[in-house]
Amino acid sequence: MSSSDATRRTFLKSTAAGVAATSLAMHAQKSQAADANSKLRIGFVGVGGRGFGAHVKSLSKIAKEGANIELVAVCDVYENNRNRAADYIEKENGGKVARYVDFREMYAKENLDAVSIGTPDHWHAIQAIEAMKGDMHVYCEKPMVKQVEDAIELVSVWKDTGKVMQVGVQGTSLPVWDAAREKIDEGLLGKVLMYQTEYFRNSDIGQWRYYKLSKDMTPKTIDWKRFLGVEEGLAEDQPFDRAVFAQWRRFWEFGSGMFTDLFVHRTTQMMKATGLRYPARITGSGGLYLEYDGRQVPDVATVVAEFNEGCQGLVTATMAASETPVQQLIRGHNGSIVFENPSASEFTFVPERPQVTHISPTELPYERTVIKTEKEAPKDQTKAHFENWIAAIENNTPQSCNNPPDLGAAAIVLVNLGARSYREGKIYRFDDETMTISEADGSWSKKWEQVSKERGKPEHVPGWKAGDKGSTINDPDHQSLEGPWIDGKDPAA
């Protein structure tokens, strides 16, 4: 753990009591305000690229369509960002929008019911935790947080406060993942063995350098130390740099490159489809092989995760070749599900040979079969994701969010420990009972060897209800000859 990580942990703990003490006062203020204004008051923290293009514009459109919400305040360390967002809301939705540099000042003054967070990764934990403790619902852009320890703490706060929080992996609002999960639980694939997924990209200028730098980005228009989070221990103090500010995903202090920007998308979706959550053993690899532009994060990377349910997950990509991605799929003993285009409300079932499965064609198709979902995919995934969040708030059903914090935390464990593994050259174990991290040893392979020695039964993904379907192998007649010869006696005798 770095010095900034340790400082952040101390800061979060030291401020927790103060935030909790003010939450009752905020709650009382909002209760009084509700009499005069029954609309859900929403503020924005971070209204740059994604924060403006997705958060502000989506919620502005939803408000114009008649949703019971009001967009009342914006906060950003960059003057141009906050003015652009506030001006847009005022033009599209009317009313006066308050403008802040300090999110805590906005939290304290605006009687907010909810906040939408679109800041760099390293700020997510503090801003989301303080919002929930201040009696506010939260929409937080992916990744939910930057560090595993922050994810564990955030889930605890979420459960304690009962607030509604949506993590911004908008693809989880597609119907294919729930539909695949139903088929998997029914035993369509038999024993689930692995999933693989990807997020390949390419660029002639290097990933994340398409975020433009402008001359008006200066220490006069940007609160640099607040962006860094120096006082909170989020990053070390350093000279102002436009590239660090606008293209922060290239640098470890603020993001984790493809691990948290892209891998978290696919990982969360695969966890939703399989029902898997926290991985038990994580390995990350890759390197910087082409994009030598001063960045720190790799342009080629792979994470392999093992789950206690006896399943492996793989997520891989290059940021410098995009035309030959691996297929997104889930493999089982009886067949596989292939996600060729999840946005098309369908997926393909690819069966294994009947000589292996011993299943009749009336029970399981012998040919590739396209399975369509009952629900149509939304045309605008991001807008649908925000609508799902608002509905969960109105119905007071935190778990009805398509990507709640417990799912978000599981994805963070996988991608963050994958990044740590790559950087530190270590394989990590995660214990989902104690929520602790340790370095891996040989116990993982020994565990499965022991299960085999004892002729045990396979484990299954959470939600499985298909008994032994596709989860056994047959003993050929000649296996009656196996076994050790004790005292020279043939075991076949």
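Let's start with phenylalanine 103: at 5% relative accessibility, this residue counts as buried, where buried means under 20% relative accessible area, with a 1.4 Å probe and protein chains only. Tryptophan 123, also at 5%, counts as buried as well.

A quick word on the basis: this is a predicted model, where local features need pLDDT of at least 70, side-chain atom pairs count only at pLDDT 80 or more, and totals for chains, interfaces and linings use all residues. Residues are numbered from 1 along each chain as its sequence is written, and side-chain values use heavy atoms, leaving out hydrogens and water.

Now, the aromatics. The whole structure holds 21 aromatic pairs, meaning rings of Phe, Tyr and Trp (its six-membered ring) with centres within 6.5 Å; planes under 30 degrees apart are stacked, over 60 edge-to-face, the rest tilted. Phenylalanine 103 and tryptophan 123 have ring centres 5.8 Å apart and planes at 75°, so they pair edge-to-face. Phenylalanine 103 sits in helix H4 (residues 103-109) and tryptophan 123 in the loop between strand S4 (114-117) and helix H5 (124-133), so the pair ties together parts 20 residues apart in sequence. Helices (H or I, at least four residues) and strands (E, at least two) are DSSP runs, numbered from the N terminus.

Next, tyrosine 139 and tryptophan 389: with centres 5.7 Å apart and planes at 70°, this pair is edge-to-face. Tyrosine 139 belongs to strand S5 (residues 137-141) and tryptophan 389 to helix H12 (residues 381-395), 250 residues apart. Both residues are buried.

There's a cluster too: ring pairs link Tyr78, Trp224, Phe227, Phe240, Phe245 and Phe254.

Stepping back, the protein chain has 14 helices and 16 strands, and 53% of its 493 residues count as buried.

Conventions: Buried < 20%, exposed > 50% of the residue type's maximum accessible area, 1.4 Å probe, protein only.
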